[in-house]
Amino acid sequence: MSDVGWLVHLAEVVDRALGWQRLPLPLALAVLAAMRSRMRQHNLYDTTTPAYRSATMPERPADEAFLTARTAGGTFNDLADPAMGAAQTRFGRNVPLHATFVESAPDMLSPNPRTISNELLARRAFIPATTLNLLAAAWLQFMVHDWFSHGKNVREQPWEIALDPNDLWPQRPMRIRRTRRDPHSTHAMDGPPTFANVVTHWWDASQIYGSDRTSQMQFRSGSHGKLTIAADGLLPIDQHTGTDITGVQGNWWVGLSLLHGLFSLEHNAVCDRLTIEYPNWTDERLFQTARLIVAALLAKIHTVEWTPAILNRPATVIAARANWWGLEGERLHRFFGRLVDDEVVSGIVGGRTDHFGVPYAMTEEFVAVYRMHQLLPDTYSFRAVHDNALLSEPQFAAIADRHAREFLRHVPPVDALYSFGTMHPGAITLHNFPNSLRQRQAPDGTLIDLAAIDILRSRERGVPRYNAFRRYVHRPALTSFDELSDDPEWVAELRRVYDNDLERVDLSVGLYAEPLPAGFGFSDTAFRIFTLMASRRLNSDRFFTTHFNAQTYTAAGLQWIADSTMAAVLTRHFPALAPSVRDVKNTFAPWRMST
């Protein structure tokens with residue numbers, strides 16, 4: 001074993017024995033770095049084959065614009081492997097492929113997902129996450145729409161869920177559509193499943209800009225690189241869905257409408273700045289450069305603001321910020337740039353591209369640990385920014401789908417953003433899943449219980465259950481239900497629902513039951529995947545590594561990214577928010593209320 005290998009092994013022993021969160025800050029940082037190193041070695045798995053890669057290989061474009069701009073579909077980010085990370089390519093894995101076989105039909109539905117929804121997940125009373133504001137919840141979904149989507153579910157042969165006679169669900173049996181299989185899959189239905197991501201895998205703001213050229217052209221204005229924004233400052237409406245015309249429109253609600261509108265305004269502001277610097281640039285070049293800048297700004301905000309807000313411990317705050325600036329920190333980085341070619345010292349951004357031996361892709365396990373619907377309240381309180389006067393208290397259904405845009409006609413975006421900054425999201429825990437999502441009518445008329453669906457999705461996609469998952473992410477397996485939670489009532493409920501079989505506990509349920517480290521918004525087990533994939537999204541992308549330079553972004557673009565924060569974006573477009581965010585250390589923490 002190499003010297004580095006011994007250090008990684010020693011750090012893992014210390015983590016298992018004591019827990020990294022109990023260590024002094026320097027040791028905690030060392031253990032976190034070793035944890036990421038271990039996972040880079042043992043938790044990246046490629047689901048593709050040579051035949052698959054040949055079948056999905058894109059044609060080289062006629063021009064060479066892709067050398068300095070992102071393609072709409074995510075191709076040619078890696079110039080040696082142009083299909084890597086593209087839309088319609090497979091999800092990868094963070095666990096060995098032999099661990100991703102799907103259980104047989106009887107076991108697949110055991111325990112009953114609806115029983116889990118009713119008895120373990122259903123919100124009894126709203127449990128707030130008091131260290132965060134609701135903008136943090138909307139932001140997460142905004143980011144998720146950039147990273148992954150399995151596409152439309154399959155109508156044929158739905159899963160049929162038996163219901164208790166006393167269950168008030170109006171249909172019997174409950175039917176849940178299956179996930180669409182990868183179109184290139186050659187596996188039998190009982191083999192390891194493979195699925196395709198219908199959006200690009202890259203951190204490229206595809207939720208705003210789309211994942212194909214045809215869609216992208218629908219919301220471009222065709223002038224000065226800008227996106228189309230209506231006279232009222234909002235995005236145009238899709239007449240079929242009643243929602244905003246943008247890159248990703250699914251699972252729509254007012255939180256998404258606000259963020260899509262905000263960063264479309266930001267895109268146009270970037271275009272105005274670039275036009276001043278480069279008055280002879282074409283619409284295409286202005287658009288593509290502005291897209292690069294906005295995508296990088298989103299990645300920066302997520303890395304150095306959202307992540308420290310939801311993982312608020314000294315070690316994780318430093319580690320998250322170090323992904324962007326390294327341990328040299330923002331101030332030195334702004335004055336001197338990268339001091340050395342080392343990601344620990346000078347950050348990942350602007351360094352070398354590294355896939356760690358496995359082609360880059362979002363993973364099914366990453367999708368599974370980001371099931372955090374508890375963040376959404378069922379009831380909302382919208383207030384006026386100038387005096388905090390109550391404007392409206394809608395239920396979720398009144399601000400979802402086409403109703404989101406209808407709502408913003410009565411409560412202006414500036415007041416809605418202020419309200420998001422002063423409301424709390426829900427805590428990510430058992431018994432806090434929004435009931436509005438447990439019996440919700442989708443836009444196509446389908447009645448869904450999203451809590452039951454979340455449980456079934458991980459099972460049908462071959463994600464290991466909780467205790468097995470812990471083993472694969474180098475955490476000790478639990479030996480008793482008493483270790484699963486520090487709430488005796490929850491432990492008794494878990495024993496009953498899972499018939500005292502600890503190995504059957506679903507991943508999401510275990511993650512929600514886990515006692516959280518102080519300052520954490522989600523579990524330490526989920527954090528292991530986050531530690532790996534949050535860095536990987538930057539490491540693998542040449543537009544965050546070798547091409548993060550003035551030649552690609554322009555000097556003005558790099559300065560825009562360096563100078564901008566979430567607070568700066570908000571106040572640039574909605575100056576009335578300035579008093580509310582002025583003294584807030586993190587924009588995703590609760591804001592000051594108006595008086």
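Predicted model: local features only at pLDDT ≥ 70, side-chain atom pairs only at ≥ 80, totals over all residues.
**Exercise 1. Is Asn251 buried or exposed, and what is its phi?**

Step 1. Asn251 is in the loop between helix H8 (213–218) and H9.

Step 2. Read the backbone. Phi of Asn251 is positive, about 50°, although the residue is not a glycine. Most residues other than glycine have a negative phi, and most peptide bonds are trans.

Step 3. Judge the cover. Asn251 has 58% relative accessibility, so it counts as exposed. The cut-offs are under 20% relative accessible area for buried and over 50% for exposed, with partly exposed in between (1.4 Å probe, protein chains only).

Step 4. Asp499 lies in the loop between helix H20 (488–497) and helix H21 (507–513). At 67% relative accessibility, Asp499 is exposed.

**Exercise 2. At what angle do the axes of H9 and H25 cross?**

Step 1. Two packed helices are described by the angle and the distance between their axes. Here axes are lines fitted to C-alpha atoms, for helices over the stretch in contact, with angles from 0 to 180 degrees between N-to-C directions.

Step 2. The axes of H9 (residues 254–277) and H25 (residues 566–573) come within 10 Å and cross at roughly 80°.

Step 3. H9 and H25 are therefore roughly perpendicular. The classes are roughly parallel under 35 degrees, roughly antiparallel over 145, roughly perpendicular from 65 to 115, and oblique for the rest.

Step 4. H9 makes the contact through Leu259, Leu262, Phe263, Leu265, Glu266 and Ala269, and H25 through Met566, Val569, Leu570, Arg572 and His573. Contact means heavy atoms within 4.5 Å.

**Exercise 3. Which residues does Gln288 contact, leaving aside neighbours within four places in sequence?**

Step 1. Gln288 lies in helix H10 (residues 283–310). It is buried, at 10% relative accessible area.

Step 2. With neighbours within four places left aside, its contacts are Ala69, Arg70, Arg213 and Gln216.

Step 3. Now Ala99. It is in the loop between strand S1 (89–90) and helix H4 (105–108), and it is buried at 16%. Beyond four places in sequence, Ala99 contacts Gly462, Pro464 and Tyr472.

**Exercise 4. Which residue forms a salt bridge with Glu284?**

Step 1. Side chains of opposite charge can pair when their charged atoms come close. The rule here is a side-chain nitrogen of Lys or Arg within 4 Å of a carboxyl oxygen of Asp or Glu. By this rule there are 44 salt bridges.

Step 2. Glu284 pairs with Arg213 at 3.2 Å, N to O. Glu284 is in H10 and Arg213 in H8, so the bridge ties parts 71 residues apart in sequence. Glu284 is partly exposed at 29%, and Arg213 is partly exposed at 39%.

Step 3. Asp283 pairs with Arg220, with the closest N and O atoms 2.9 Å apart. Asp283 belongs to H10 and Arg220 to the loop between H8 and H9, so parts 63 residues apart are tied together. Asp283 is partly exposed at 21%, whereas Arg220 is buried at 7%.

Step 4. Asp401 and Arg440 meet at 2.9 Å, N to O. Both are buried. Bridges with shared partners also join Asp15, Arg470, Arg475, Glu514, Asp524 and Arg528 into one network.

Note on methods
Residues numbered from 1 in each chain as written. Heavy atoms only, no water. Helix = DSSP H or I, 4+ residues; strand = E, 2+ residues; numbered from the N terminus.
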